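Me: Could you take a close look at the aromatic rings in this one, and at what sits around them?

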Amino acid sequence: MSGLARYFHHLGCVVCGYDKTSTELTSELQRESIPVIFDDNSDWIPSAFHTPNESTLIIFTPAVPKDSVILNFFKNSGFELFKRSQVLGIISRGMFTVAVAGTHGKTTTSTMIAHILKDSGKDCSAFLGGIATNYHTNVLYGKNNIVVVEADEYDRSFLTLHPDIAIITSMDADHLDIYGDHRHLTESFELFASQIKPGGQLIHKKGLPLDKGLEYAVETEADAYASHIRIENGDFYFDFKNDKVSIPNIRLGIPGTHNVENAVAATEAALMLEISPEAIISALGSFAGVKRRFEYIVKNENHIYIDDYAHHPEELKACIRSIKRLYPGKKLTAIFQPHLYTRTRDFADGFAEALDLVDELIILDIYPARELPIEGVNADMILERMKLVNKRKCGKQEAVELVKNEKPGLLLTVGAGDIDQLVTPLKNALQNV
């Protein structure tokens with residue numbers, strides 16, 4: 001949403017927004033002269049947005065609760081409301097579109113592709129689902145006809161897009177509050193794949209239930225794959241191969257086997273866009289990642305602190321395993337905030353299995369986002385299913401105090417709610433600030 005706000009502000013439009021809470025990102029928007037209100041009260045809506053007309057566009061995200069006062073003001077005032085994804089579909093119409101979808105991996109993969117295009121001089125515009133560390137923003141402006149977009153499967157949003165190159169990174173069960181079951185989620189991904197423009201290309205992870213497209217993988221042969229994955233001086237290296245080219249000794253600027261997998265998809269897309277292997281090697285080496293995706297907050301000889309957005313069991317497993325691979329001799333302490341009551345209910349067993357991979361767990365209460373509480377659904381559901389002995393549930397301030405007192409050598413904060421508000425206090429606690 002903030003990417004679209006920046007895009008329309010860049011075009012010279014008057015832009016105003018509402019969010020539930022103030023964050024570093026909303027503060028940045030305000031500093032960029034985009035006003036944001038935090039009170040769900042229609043009295044605060046600027047007068048320029050009171051009357052429907054052809055020059056006024058109201059964009060909303062399905063993350064906003066249906067009973068939102070501001071949302072219903074626009075509905076009741078006769079405005080036609082557009083979802084974020086619909087607007088992305090309108091903007092990208094007529095452009096050469098690279099769309100990256102998947103229940104996890106899509107933000108990093110789309111940002112990688114955009115960085116390769118920018119760094120190589122090919123150029124692109126991009127609408128990303130996270131803040132690209134190389135550019136300190138989630139929207140990029142290009143001077144050509146190529147646009148890279150993150151295609152969100154939530155609420156079937158990605159069906160507004162008609163890409164020239166589509167990438168599907170994963171199709172794990174998620175958003176069952178919308179889809180009901182995994183089969184319906186799979187059907188939506190199949191529909192997304194069917195919307196590729198004539199002559200376009202589908203790239204997807206090997207093993208997904210899709211009957212067309214190029215497959216990619218790590219440590220196993222596919223149409224495009226990574227082999228000889230190794231860690232040298234704390235950096236991940238791999239060799240890339242497809243049926244046309246072999247690219248050895250690629251150094252990835254960010255850690256994690258899961259990110260090597262993302263890089264294989266990004267490399268295949270870049271080759272389709274006629275970017276040279278040399279330019280791809282250079283770009284992947286300088287890629288600094290995405291904020292809150294395996295982001296190093298503290299990295300010194302005494303403490304390692306990593307913050308990550310993972311909020312699905314498979315994401316958690318990939319993140320934790322990568323940390324364990326990088327730091328095999330260190331005790332890993334994780335602070336996890338479950339995201340959504342429905343997701344906690346549907347995947348409590350999976351979360352327990354993933355979190356059993358850590359050495360010590362601190363779990364916070366569920367971040368509800370758009371949802372109302374569900375009776376009997378809480379963070380204890382996960383704790384009760386875990387085999388790990390060293391685990392506890394506490395509040396945010398207590399978690400900061402625990403870290404301040406215990407000074408863990410390897411710390412991970414993980415979740416998609418407002419756990420990022422703990423990053424600075426935890427960093428200060430580790431560094432005695």
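Reply: Let's start with Lys 299, which lies over the face of Tyr 296, 4.3 Å from the ring centre. A charge counts as sitting over a ring if NZ of Lys or CZ of Arg is within 6 Å of the ring centre and within 35 degrees of the ring normal. Arg 293 does this too: its charged end sits over the ring of Tyr 309, at 4.1 Å from the centre.

A word on the source: this is a predicted model, where local features need pLDDT of at least 70, side-chain atom pairs count only at pLDDT 80 or more, and totals for chains, interfaces and linings use all residues. Residues are numbered from 1 along each chain as its sequence is written, and side-chain values use heavy atoms, with hydrogens and water left out.

Now the ring pairs. Rings of Phe, Tyr and Trp (its six-membered ring) pair if their centres lie within 6.5 Å; planes under 30 degrees apart are stacked, over 60 edge-to-face, and the rest tilted. That rule gives 6 aromatic pairs. One of them is Tyr 7 with Phe 127, edge-to-face at 5.2 Å centre to centre and 65° between the planes. This pair links distant parts of the chain, with Tyr 7 in helix 1 and Phe 127 in strand 6 (residues 125-132), 120 residues apart. Helices (H or I, at least four residues) and strands (E, at least two) are DSSP runs, numbered from the N terminus. Both Tyr 7 and Phe 127 are buried, meaning under 20% relative accessible area, with exposed over 50% and partly exposed in between (1.4 Å probe, protein chains only). Together with Phe 8, they form one aromatic cluster.
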